[in-house]
Amino acid sequence: MPIVIGVKFRRNGPLNYYDPANDAFVTGDRVVAETARGPEIGEVVMPAGDVAEALLPAELKPLLRRATEEDLAHRRALEAKAPDQIRVAKERVHAFGLESMKIIAATSSFDGGRILFDFSADGRVDFRELARDLAATFMCRVELRQIYPRDESKIQDGYGPCGRRLCCSSWLKEFAPVSIKHAKEQGLPLNPTKLNGMCGKLKCCLVYENEQYVEVKRSLPEPGAEVELPDGRGTVRDINVPKEQVTVAMIGGAVVTVPAEQLRLAEPRSAEADAGRRKSRRRR
């Protein structure tokens with residue numbers, strides 16, 4: 001297997017593999033590497049090591065060089081231009097009447113010959129004329145890329161109701177599909193204000209423990225099932241999956257919460273016993 005190092009060009013971006021070219025790079029080193037958009041400055045996040053060939057690109061490129069102080073200063077200068085680039089782009093969007101288009105971010109290539117604008121919009125947008133206008137304004141190649149609510153939150157960053165930085169902007173690399181079924185599986189109240197994140201979509205964290213919930217629930221009785229406890233028989237009213245506890249309404253009227261291991265499913269009653277029970281209820 002080839003010896004490679006892992007480089008990231010954005011804090012929460014994908015991991016890219018490069019040939020270290022016999023240089024001793026260590027984690028944290030800033031390097032200049034070739035990308036699909038030309039040379040860019042990245043950070044070494046994985047030291048040299050073996051990686052399965054199936055994970056590597058078809059063409060493993062070598063790193064160009066270590067980033068110098070001049071390289072880093074140039075990168076900072078390009079990043080400092082982003083607010084003005086976004087402001088100008090928003091003005092041009094308004095001038096072209098593309099009111100549904102919202103400019104989110106601007107990223108200049110390291111050589112300064114290209115600007116990538118990320119934008120969000122409701123549906124598809126014909127931005128060809130806008131792209132030509134922006135290219136003439138900035139005197140460089142301009143690309144516009146439509147992103148979606150989760151990507152927008154990832155770029156803008158922030159803190160969730162849990163008090164921690166958003167998963168998407170701090171460590172999450174890919175978005176897993178999330179559905180209301182995950183909330184139902186975990187017994188959460190179906191309240192959008194509680195289930196939705198800053199992006200307005202279902203929170204990504206709903207999928208983190210879903211498999212454990214499904215696995216534990218297989219060993220717990222369903223609400224409505226009749227169970228037997230050391231103190232008698234009752235009907236399952238509710239289950240607490242994290243604690244693996246079951247709330248049972250006893251035949252005598254008491255409601256108890258016990259560990260699931262203390263109960264077992266009751267044997268089904270005979271038809272005669274059920275008929276006698278119904279008659280007893282009618283007399284009451």
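I took helices (H or I, at least four residues) and strands (E, at least two) as DSSP runs, numbered from the N terminus. With that, I counted 9 helices and 13 strands in the chain. The radius of gyration of the chain, taken over C-alpha atoms, is 29 Å, well over the 19 Å that the globule rule (2.2 Å times the number of residues to the power 0.38) gives for 284 residues, so the chain is more spread out than a compact globule.

I note that this is a predicted model, in which local features need pLDDT of at least 70 and side-chain atom pairs count only at pLDDT 80 or more, while totals for chains, interfaces and linings use all residues. Residues are numbered from 1 along each chain as its sequence is written, and side-chain values use heavy atoms, with hydrogens and water left out.

**Entry: whole chain**

I looked up the box filled by the C-alpha atoms, and along the principal axes it is roughly 90 × 55 × 30 Å. I called a residue buried under 20% relative accessible area, exposed over 50% and partly exposed in between (1.4 Å probe, protein chains only). Of the 284 residues in the chain, 35% are buried. The chain exposes about 18,000 Å², by the Shrake-Rupley method with a 1.4 Å probe. Carbon and sulfur atoms supply 51% of that area.

For contacts I required heavy atoms within 4.5 Å. Among contacts with a separation of 6 or more, 54% come from residues 24 or more positions apart.

For charges I counted Lys and Arg as positive and Asp and Glu as negative, without His and the chain ends. Each charge was placed at NZ of Lys, CZ of Arg, CG of Asp or CD of Glu. The 45 positive and 41 negative charges have mean positions 8 Å apart.

**Entry: aromatic pairs**

I let rings of Phe, Tyr and Trp (its six-membered ring) pair if their centres lie within 6.5 Å; planes under 30 degrees apart count as stacked, over 60 as edge-to-face and the rest as tilted. The search of the whole structure gave 4 aromatic pairs. One of them is Phe 9 with Tyr 18, edge-to-face, at 6.3 Å centre to centre and 80° between the planes. Phe 9 is partly exposed at 25% relative accessibility, whereas Tyr 18 is buried at 6%.

I then looked at Trp 171 and Tyr 208, whose ring centres are 5.8 Å apart with planes at 50°, so this pair is tilted. Trp 171 sits in the loop between α5 (167-170) and α6 (180-185) and Tyr 208 in the loop between α7 (192-195) and α8 (210-218), so the pair ties together parts that are 37 residues apart in sequence.

I found Glu 152 in helix α4 (residues 149-156). Is Glu 152 buried or exposed? Glu 152 is buried, with a relative accessible area of 13%. Setting aside neighbours within four places in sequence, Glu 152 is in contact with Lys 102, Ile 104, Ser 120 and Ile 147.

Asp 133 is in helix α3 (residues 128-138). Not counting residues up to four places away, Asp 133 touches Arg 92 and Phe 96. I also checked Asp 133 against Asp 19, 114 residues away along the chain, and their C-alpha atoms are separated by 39 Å.

**Entry: positive phi**

I noted Met 139, a residue other than glycine with a positive phi near 55°. Met 139 lies in the loop between α3 and β8 (141-146) and is exposed at 71% relative accessibility. Glu 244 also has a positive phi near 55°. Glu 244 lies in the loop between β10 (232-240) and β11 (245-250) and is partly exposed at 40%.

I placed Arg 65 in strand β5 (residues 65-66), partly exposed with a relative accessible area of 38%. What does Arg 65 contact, leaving aside its neighbours within four places in sequence? Arg 65 contacts Val 31, Val 32, Asp 71 and Phe 110. From Arg 65 to Pro 20, 45 residues apart along the chain, the C-alpha separation is 9.5 Å.

Gly 224 is in the loop between α8 and β9 (226-229) and is partly exposed at 48% relative accessibility. With residues up to four places away not counted, Gly 224 touches Thr 235 and Val 236.
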